[in-house]
Amino acid sequence: MAERETPLHLFHVFSTFAVGGPQTRFVNLANALGSKYHHTILAMDGNYQAAEAIKAGVEFTLARMPVAKGSGISIANICNARRILSKVKPDILCTYNWGSIEWSLANRGGSICPHIHFEDGFGPDETPDRQRLRRSIMRRLALSRSLVVVPSQVLKKVATDVWGVSQNRIHYIPNGIDTQRFARSYDKALVRDLGISDELVVGTVAALRPEKNLTLLVRAFAGLSIMQNAQLVLVGEGPERGNIERECERQGVASRVILTGALSEPERVLGRFDVFALSSITEQMPNSVLEAMAAGLPVCATAVGDVKQMLAPENAAFVVPVEEPTALTSALAKLLQDQDLRRTIGRRNRDRVEAEFGLQSMVTRYDMLFTRTCRTETQ
């Protein structure tokens with residue numbers, strides 16, 4: 001078959017294009033794939049913050065669409081979506097997580113174009129073991145003819161066992177990052193300006209949302225009674241900031257907690273951390289953990305998604321049950337008290353992310369998936 005001269009047109013639908021895991025992965029893919037694809041991006045909430053990181057040379061369009069707000073499925077949204085798809089006729093419709101399910105439904109009845117749905121996990125109201133029945137039914141209906149991509153084995157099991165996605169339609173593609181970017185030295189001037197001290201630092205990079213459970217991390221940090229000079233650094237912004245600040249006051253650690261706000265280049269401070277912490281109640285394959293591994297850090301985390309399997313075996317003992325601040329405190333204390341242990345685990349984590357979770361491997365697999373999906377449709 002002759003090579004196609006025009007770029008493949010991918011139409012991406014996000015509930016939001018604010019900076020987050022799925023959005024960052026998309027930006028990394030788009031930047032790496034360059035001019036091979038044209039991307040139309042629709043953020044249903046009108047937030048396109050993550051687009052600022054798309055590099056020159058990538059062909060993309062930011063689309064707009066009136067959205068009917070509501071707690072349930074909107075027939076008006078589905079009709080609008082179908083009208084837009086029929087007019088644009090993209091090579092592939094790409095939808096992301098539950099917030100875009102109406103677009104999956106719009107393409108379902110008399111398929112307009114090939115459809116790939118990307119599922120990265122859940123908000124605070126769902127976990128792999130506690131799926132909302134209405135959403136499961138809608139996913140079964142919307143995704144029965146679609147390809148589904150997941151970044152974790154936990155989510156792959158949910159998709160097949162709960163949503164009824166057939167094995168031949170599901171693709172497990174682990175996330176990948178530019179490991180060299182996060183292996184660089186931190187920015188000493190920025191670290192100083194943020195007020196990060198020369199003492200031991202526990203840090204995390206996360207949107208300040210409920211599912212990140214950062215008040216748990218504050219309580220766990222407050223329990224480090226023998227380390228009164230340690231600092232907790234939270235890199236990120238979001239609606240939970242007020243709750244986190246109030247928890248810091250309640251726990252008496254406000255003077256030792258720094259909320260930096262959002263940083264477009266978290267690697268500028270990441271290397272200054274002594275321990276990276278993840279306190280989420282739900283995750284699948286968080287990029288922040290991969291970035292911490294690339295920075296050569298030990299990770300103290302809650303046992304969510306594939307986190308334990310992502311880390312080097314030497315780090316496994318520091319993955320603790322969800323919602324147990326004392327367990328998180330004990331794991332943090334053990335790492336903070338042993339510099340040699342931190343360095344050993346950090347080296348093993350860096351070796352593992354470089355061997356298993358590099359950016360190019362992920363880009364190649366997505367490129368093959370997009371190309372094969374279009375080729376199959378046209379044959």
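**Overall fold and the setting of helix H14**

Of the 379 residues of the protein, 54% count as buried (under 20% relative accessible area, with exposed meaning over 50% and partly exposed in between; 1.4 Å probe, protein chains only). The structure is a predicted model, in which local features need pLDDT of at least 70 and side-chain atom pairs count only at pLDDT 80 or more, while totals for chains, interfaces and linings use all residues. Residues are numbered from 1 along each chain as its sequence is written, and side-chain values use heavy atoms, without hydrogens and water.

The secondary structure comprises 15 helices and 13 strands (DSSP runs numbered from the N terminus, with helices being H or I of at least four residues and strands E of at least two). The C-alpha atoms fill a box of roughly 65 × 40 × 35 Å, taken along the principal axes. Among contacts (heavy atoms within 4.5 Å) between residues at least 6 apart in sequence, 70% join residues at least 24 apart.

Helix H14 spans residues 339-356 and has 18 residues. From its first C-alpha to its last, H14 reaches 26 Å, close to the 26 Å expected at 1.5 Å a residue (1.5 Å times one less than the number of residues). Its buried residues are Arg342, Ile345, Gly346, Asn349 and Val353. Seen down the axis of H14, these fall within an arc of 105 degrees, so they line one face of the helix (the arc is that of the directions from the helix axis to the C-beta atoms). The buried residues pack against helices H6, H11 and H13 and strands E11 and E12. On the other side of H14, Asp340 and Ala355 are exposed.
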